[in-house]
Amino acid sequence: MSALLSATCAVPAAGAVLTAALPAGSSESRRRATKAVALGVSAVTLVLAAVVAARFEPHGDRYQLTESYSWIRSFGITFSLGVDGIGAVLALLTAVLVPMVMLASWHDADPGPAGPDGTFENRRRTQAFFALILAVEAMVIVSFYATDVFLFYVFFEAMLIPMYFLIGGFGDRAGGPESARQRSYAAVKFLLYNLLGGLVMLAAVIGLYVVAQDQGFGTFDLPTLASAVADGKLQLSGTAEKALFLGFFFAFAVKAPLWPLHTWLPNAMGEATAGTAVLITAVVDKVGTFAMLRFCLGLFPHASKTFAPAILVLALVGIVYGALLAVGQKDIKRLVAYASISHFGFIIMGIFALTSQGQSGATLYMVNHGLSTAAWMLVAGFLISRRGSRLIADYGGVQKVAPVLAGTFLIGSLATLSLPGLAPFVSEFLVLVGTFTRYPAIGIVATFGIVLAALYALLLYQRTMTGPVKDGVRTMPDLKARELAVVAPLVALTVLLGVYPKPLTDLVNPSVNATLSQVHETDPAPAHPVAATSGGEQK
Amino acid sequence: MSAIAVLAAAGGNTPSIPAPHIEYGQLSPMLVVFGAAVAGILVEAFVPRRFRHWTQVTLALAGLVGAFVAVVVLAVQSHGFTRIDLLAMESVALDGPALFLQGVILLAAVVAVLTYAERKLEPKAGGLPADAFAAQAAATPGGEQERAALRAGFATSEVFPLTMFAVGGMLLFPAANDLLTMFVALEVFSLPLYLLCALARRRRLLSQEAAVKYFLLGAFASAFFLFGTALLYGYAGSVKLGDIGDVISGKAMTTPAQLSSTQSDVLVLTGLAMLAVGLLFKVAAVPFHSWTPDVYQGAPTPVTGFMAAATKVAAFGAFLRLFYVAFPGLRLDWRPVMWGVAILTMVVGAVLAVTQQDVKRLLAYSSIAHAGFILTGVIAVNKQGISSVLFYLLAYSFVTLGAFAVVTLVRDSKGEATHLSSWAGLGRRSPLVAAVFALFLLAFAGIPLTSGFTGKFAVFQAAASGGATPLVIVGVLSSAVAAFFYIRVIVLMFFSDPQPGGPTVAIPSAFTATAIGVGVVVTLGLGLLPQYFLDLASKASLFVR
């Protein structure tokens with residue numbers, strides 16, 4: 001039993017504690033030391049997560065590098081970790097994005113001008129910000145590695161707390177008291193939505209345990225439960241299975257977020273710092289879609305099939321609705337948020353189309369959306385920090401003043417609209433093909449999402465970057481070295497995975513096929529040849 | 001019993017009633033506490049005023065710790081709670097639940113006494129350090145006599161013996177094996193509490209009003225309990241819980257006279273309902289909850305913390321014993337009603353808490369909602385139900401004590417600043433205190449990795465396996481509502497701007513700091529590594545019949 005997985009989880013957790021405990025103070029050197037420690041910890045985590053992904057043997061066992069420690073025996077709960085291809089890739093994505101987010105947010109948590117009477121500025125602000133990011137990273141990685149349903153639940157729920165403080169406690173400082181109020185509203189909305197989802201899931205977790213215990217499975221171990229369900233040793237009655245599925249799915253659909261449970265996302269992403277917004281949409285929300293694949297399909301195969309059409313319709317509505325609202329946004333960050341809602345519609349559609357192309361497309365989509373949205377949002381954040389405004393109307397002609405900024409922003413925009421050659425294209429194509437083979441009508445309507453994506457992404461670029469140079473933009477500096485260091489790897493990865501997605505698909509496909517076989521589902525026979533550039537082999 | 005024996009002897013009759021056999025060793029936890037209480041009264045009479053505070057604190061802590069050691073020894077001797085006994089002429093039970101709850105009550109009382117002993121928060125009165133209690137309880141609030149008492153630096157150090165008497169009663173309450181002993185225990189712990197509520201140093205009228213309300217309603221509830229006892233005696237011919245259970249389940253031989261009364265269920269159902277009223281009042285379940293916010297708000301905050309934690313433990317202990325020992329056969333009759341009470345308690349507690357503007361009233365409504373959560377475990381009627389309630393009580397009491405201890409620290413010139421608006425921005429001024437309070441609130445809300453979550457999971461799981469799925473769903477939904485108001489306080493502390501001239505956080509002495517520290521350690525410990533205590537609660541969940 002190697003301790004690689006627990007080390008990958010423990011490093012950021014210990015780093016969070018260490019960062020929080022570093023000496024406070026407003027001197028620049030103290031702050032820089034704090035940031036350096038946090039960045040160093042996240043770099044070590046990245047190395048560990050990469051080692052995990054490298055040591056994962058795609059055609060080996062379903063769960064590898066497994067570890068199990070006794071935790072709460074009374075409830076059959078163990079601290080069990082194990083990794084499949086999907087979990088390995090998503091944990092790696094998290095570990096890649098966190099250092100980028102830290103670099104991009106380098107000055108977001110510096111103490112600003114003191115409060116009205118000069119005494120209330122929190123001297124531990126910097127420590128708190130970076131410690132919270134590391135705490136989120138640790139909890140997200142545990143969720144991706146957990147093979148115990150309860151362990152997953154605990155961290156799925158607990159990650160809300162650091163996230164909540166990140167949203168509510170740190171944001172654009174320029175806004176004044178009004179923006180502080182909106183920020184705390186956004187943080188509370190985020191927490192309440194997700195807490196409600198989590199509590200419903202708690203009821204379902206308890207229900208699952210009680211049902212399983214009645215049949216002699218007093219455990220939360222996912223592989224045990226899933227194989228018992230697959231062998232028919234654990235029989236759930238139709239109603240029970242549906243109720244439990246809905247309980248789990250509700251929580252994941254709030255987190256993902258799926259229309260109509262999405263309304264917290266624009267608030268949260270709009271009010272948080274750009275770095276926190278990336279953490280929300282590219283890291284934390286991925287746990288929701290990941291969990292649909294791993295828990296909903298694995299534990300409740302029949303109910304998943306029953307509800308798949310309804311979920312597909314919701315996902316479709318989300319795709320179109322999110323894209324339409326993105327077109328109409330006046331606020332750059334909210335636009336990115338609505339675009340993400342549209343993208344999450346694609347991911348969920350890929351999962352519940354129950355085809356191998358759809359699901360490997362959805363998994364790739366999670367990674368690609370993470371990378372491309374991170375690039376797009378972080379550059380948008382750099383732009384906003386220069387002008388102090390989130391309104392699109394305040395910008396214009398930036399490409400003449402800051403060409404590098406505008407260029408990277410363009411690449412982010414093009415990735416968002418799934419330009420062929422960039423990574424999101426591969427995954428979006430796979431999702432659409434996978435959906436089309438089973439539900440042609442839904443696949444066709446979803447295609448309009450791409451058209452709308454082109455509209456909102458290019459309109460945003462046109463309004464902010466082209467045209468006459470606006471007043472507040474005239475003296476705008478171009479990207480600094482630190483900012484380039486954030487954007488360059490993201491752009492490089494987006495291009496690389498667009499041209500050569502094979503390493504990723506090799507990792508992911510066996511796990512996807514295993515998931516699909518749990519649902520007793522095979523791909524429909526192709527009526528016409530499919531360009532399976534990178535799709536899963538037919539099963 | 002001994003009183004009857006003495007009477008019989010005095011009447012010149014042959015002493016047909018034997019002298020009771022008392023197992024002093026096994027009753028030692030209660031005897032130690034009562035002994036310390038009596039000694040505390042003597043201290044008031046004989047020790048000079050300036051030494052009294054420290055003498056009382058030392059005596060109370062020594063008594064409580066001694067009693068706790070005795071409980072531990074008894075628990076060890078019981079070989080994992082397998083050897084269970086009836087003591088003192090079968091009127092006191094010595095079994096797992098009794099020992100477990102006595103341990104919890106004693107530890108909670110230790111923490112509470114630590115907060116009582118705090119004298120650094122109040123400004124000095126008459127050149128002497130002052131605690132949270134009235135200088136002279138009998139003086140008219142705002143009158144000349146009170147001012148004189150303040151100038152002289154008087155202190156009501158009687159709070160320590162009063163608390164020890166209350167603790168003694170609480171130890172007996174969940175261990176009482178017959179209804180009369182249970183009633184006596186109820187009165188023994190209630191009367192000192194009524195008094196303690198009236199002793200706040202600040203806002204004395206509010207405090208006295210709280211005490212009067214608590215006393216009047218409490219006396220009413222006690223009368224219900226006593227009347228229920230009488231009816232059940234009429235029904236079963238015994239006040240012993242086990243005998244009542246035997247008669248109800250038809251196991252006991254019945255006399256012809258009893259047969260006529262057992263044939264009608266009116267006596268037993270009315271009696272049961274009245275007992276339940278008395279107990280539901282003590283645990284603050286809806287619709288018997290209306291005293292809670294006023295009393296929690298008016299009582300001195302250390303007393304509120306003690307009351308909120310220890311009373312709940314004792315009352316739920318008695319509740320469990322009553323329903324599992326005396327009424328096992330009547331499940332179908334009492335369950336629907338208890339379902340209704342539990343649902344109402346969870347919903348009303350959570351919803352009304354949302355509208356509160358005072359942190360002590362907010363915690364009061366939160367305690368009502370928590371009573372509802374605990375009731376779902378009680379209703380589970382299985383072994384898991386008992387053990388989950390035991391664990392929940394352990395977890396809940398330390399969170400509560402810690403939270404109220406934090407409340408004592410946030411002060412302005414008028415004493416504790418309990419209005420929520422004055423807590424705005426506390427997180428910026430005193431990050432540590434605000435973070436600790438946020439931890440307690442998150443535990444109340446049942447966020448994973450805190451003790452509150454483990455407890456909630458345990459009771460809900462017990463309820464679900466006991467077939468009470470609707471209760472679990474209501475519980476989950478009201479948890480979501482409850483989360484809203486806990487979060488609201490966190491928002492206020494961390495994300496709102498501090499008001500100029502708002503309260504400051506006083507630096508406490510080691511006493512309150514220890515109390516809060518214990519709360520934090522237990523909250524995190526039972527959240528991260530609860531296995532040992534779950535095992536303990538599970539082993540302890542067997543009632544003696």
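Visitor: Why does A:Leu354 count as buried?

Guide: A:Leu354 has 26 C-beta neighbours inside 10 Å. A residue is buried if 20 or more other C-beta atoms lie within 10 Å of its own, exposed if 12 or fewer, and partly exposed in between, with C-beta atoms placed from the backbone. With 26, A:Leu354 therefore counts as buried. Please keep in mind that this is a predicted model, in which local features need pLDDT of at least 70 and side-chain atom pairs count only at pLDDT 80 or more, while totals for chains, interfaces and linings use all residues. Residues are numbered from 1 along each chain as its sequence is written, with chains lettered from A and ligands numbered from 1 in the order in which they are written.

Visitor: What is the phi of A:Leu354, and where is this residue placed?

Guide: Phi of A:Leu354 is about 55°, a positive value although the residue is not a glycine. A:Leu354 lies in the loop between α13 (332-352) and α14 (356-387) of chain A. Helices here are DSSP runs of H or I with at least four residues, strands are runs of E with at least two, and both are numbered from the N terminus.

Visitor: And B:Arg203, why is that residue classed as it is?

Guide: B:Arg203 has 18 C-beta neighbours inside 10 Å, so it counts as partly exposed. B:Arg203 also has a positive phi, near 45°, and is not a glycine. Its loop runs between α7 (179-197) and α8 (204-236) of chain B.

Visitor: What makes helix α10 of chain A largely enclosed by the rest of the structure?

Guide: Eight of the eight residues of α10(A) (264-271) are buried, and that is why the helix is called largely enclosed. Among them are A:Trp264, A:Met269 and A:Glu271. In the loop between α9 (238-255) and α10 of chain A you will find A:Pro257, joined to A:Ala256 by a cis peptide bond with omega about -15°.

Visitor: How do you know how α6(A) and α11(A) run relative to each other?

Guide: Helix α6 (160-169) and helix α11 (274-299) of chain A pack at about 150°, with axes 9 Å apart. The axes are lines fitted to C-alpha atoms, for helices over the stretch in contact, and angles run from 0 to 180 degrees between N-to-C directions. Under 35 degrees is roughly parallel, over 145 roughly antiparallel, 65 to 115 roughly perpendicular and the rest oblique. The two helices are therefore roughly antiparallel. A:Met163, A:Leu166 and A:Ile167 of α6(A) meet A:Thr276, A:Leu279, A:Ile280 and A:Val284 of α11(A); two residues are in contact if their C-beta atoms, placed from the backbone, lie within 7 Å.

Visitor: How do the residues of that contact of α6(A) with α11(A) divide?

Guide: Six are nonpolar, one is polar and none is charged. Ala, Val, Leu, Ile, Met, Phe, Trp, Tyr, Cys and Pro count as nonpolar, Asp, Glu, Lys and Arg as charged, and the others, Gly among them, as polar.

Visitor: How many residues does each chain bring to the contact between chain A and chain B?

Guide: Chain A brings 35 residues and chain B brings 32. On the side of chain A, α5 (149-158), α6 and α7 (177-214) each supply at least two residues, and α7(A) gives the largest share, 19 residues. That side has 22 nonpolar, eight polar and five charged residues.

Visitor: How do strands β1 and β2 of chain A run, and how many bridges join them?

Guide: Two strands pair if DSSP finds at least two bridges between them; β1 (64-72) and β2(A) have six and run antiparallel. A:Tyr69 stands opposite A:Phe79 in β2(A). Six of the seven residues of β2 (77-83) of chain A are buried, leaving the strand mostly covered.
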